[in-house]
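Let us go through this model by asking what backs each label.

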Amino acid sequence: MRVLLIEDDETLTAAVAAGLAADGIQTDACGDGEEGLALLCGGVYDACCLDRMLPGLDGLAVLRRARAAGVATPVLLLTALARVGDRVDGLDAGADDYLAKPFDLRELAARLRALARRPAGFEPGRWIAAGCVTLYPNELRLEGPAGPVKVSKTECELLEMLLRSPGRLLARETLLARVWGAAAEVEDSSLDSYIYLVRRKLAKAGAGDAVRLATVRGAGYRLELAGC
């Protein structure tokens, strides 16, 4: 299980990451709202722990923008604001659960496991569109002008990251860490093989030159849209 922790308190971040690791939960962490939004929109996580008070972009803004972009990752809102109105604001913004600070790490881990047990795309109608193609992660299905194409779980995770970040360079290291896990021993050639398969699936769906997966030599890959 892999979660994203968006929290600007470095001491709390270290404690949470260590506690979750002891429970078998891998954590990617950042302390800024803008960076957190990019990671949440571009990454593939089982759940996200989101602090409400963040520099750059507050937690509710991160949550609203992520939901508006079609991100369905379960989000657990962490905050020192524990009034009923604060909880309602967080849930209305798109949070799946709410945990007030200070909290017990065992409860945090239990709530994350509960969120992750929900079926992928717990929210109905989950899909990610870019240009003339649409990915349905729940069904492992890619659709384009030429019709539907089945994709594997790994292909789907790569496509999800790419389709959520059109025009943005995704480093090889980022793709490897997010899809296979930071600790996984995966050769670069495996990524290249899956990129080749993803290109074939895009072509089979009829994307043509309108949705193109470009190689940035020595750096990574970028999804380029030319209109459909």
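Q: Which residue stands opposite Y136 in β8?
A: R141 does. Keep in mind that this is a predicted model.

Q: What makes β7 and β8 a pair of strands?
A: Two strands pair if there are at least two bridges between them. Here 3 bridges join β7 to β8 (residues 141-144), so the pairing holds. The two strands run antiparallel. They form a hairpin with 4 residues between them. In that turn, L140 has a positive phi of about 50°.

Q: How do you know that β6 and β7 pair?
A: The cut-off is at least two bridges. β6 and β7 have 3, in the antiparallel sense, so they count as paired. A129 stands opposite T134 in β7. This is a hairpin too, with 2 residues between the strands. G131 in the turn has a positive phi of about 60°.

Q: What makes β1 and β3 partners, and in which sense do they pair?
A: The threshold is again at least two bridges. β1 (residues 2-6) and β3 (residues 47-51) pair over 4 bridges, so they qualify. The sense is parallel. I6 has L50 as its bridge partner in β3.

Q: What is the strand order in the open sheet of 5 strands?
A: The order is β2-β1-β3-β4-β5, with parallel pairing.

Q: Why are β2 and β5 called edge strands?
A: Each of them pairs on one side only. β2 covers 26-30 and β5 covers 97-100. From one strand to the next, the twist averages 20°.

Q: Why is R164 called buried?
A: Buried means under 20% relative accessible area. R164 has 13%, so it is buried. R164 lies in the loop between α6 and β10 (170-171).

Q: What does R164 touch, not counting residues up to four places away in sequence?
A: R164 touches C41, A69, G70, V71, A72, R126 and I128. Contact here means heavy atoms within 4.5 Å.

Q: How do you know that α6 is mostly covered?
A: 10 of its 11 residues are buried. Among them are T154, E155, C156 and L158. E157 and E160 are also on the buried list.

Q: What makes a set of residues a nonpolar core, and how many residues has the largest one?
A: The members must be buried, of the nonpolar kinds counted, and joined through side-chain atoms within 4.5 Å. The largest such core has 30 residues. V133, L135, L142 and L202 have the most contacts inside it. The elements that give two or more residues are β6, β7, α6, α7, α8, β11 and β12. The largest share, 6 residues, comes from α6.

Q: Which residues does V133 touch, not counting those up to four places away in sequence?
A: V133 touches I128, L142, E143, G144, L163, L202, A207 and V211.

Q: What does the second, separate core include?
A: This core of 23 residues includes Y45, V71, A93 and A95.

Q: What share of the protein is buried?
A: Buried residues make up 47% of the 228 residues. The protein exposes about 10,800 Å², and carbon and sulfur atoms supply 52% of that.

Q: How many helices and strands are there?
A: The protein has 8 helices and 12 strands. Among contacts between residues at least 6 apart in sequence, 58% join residues at least 24 apart.

Note on methods. Residues are numbered from 1 along each chain as its sequence is written. This is a predicted model: local features need pLDDT of at least 70, side-chain atom pairs count only at pLDDT 80 or more; totals for chains, interfaces and linings use all residues. Side-chain values use heavy atoms; hydrogens and water are left out. Axes are lines fitted to C-alpha atoms, for helices over the stretch in contact, and angles run from 0 to 180 degrees between N-to-C directions. Buried means under 20% relative accessible area, exposed over 50%, partly exposed in between (1.4 Å probe, protein chains only). Accessible areas come from the Shrake-Rupley method with a 1.4 Å probe; for residues, only the protein chains shown count as cover.
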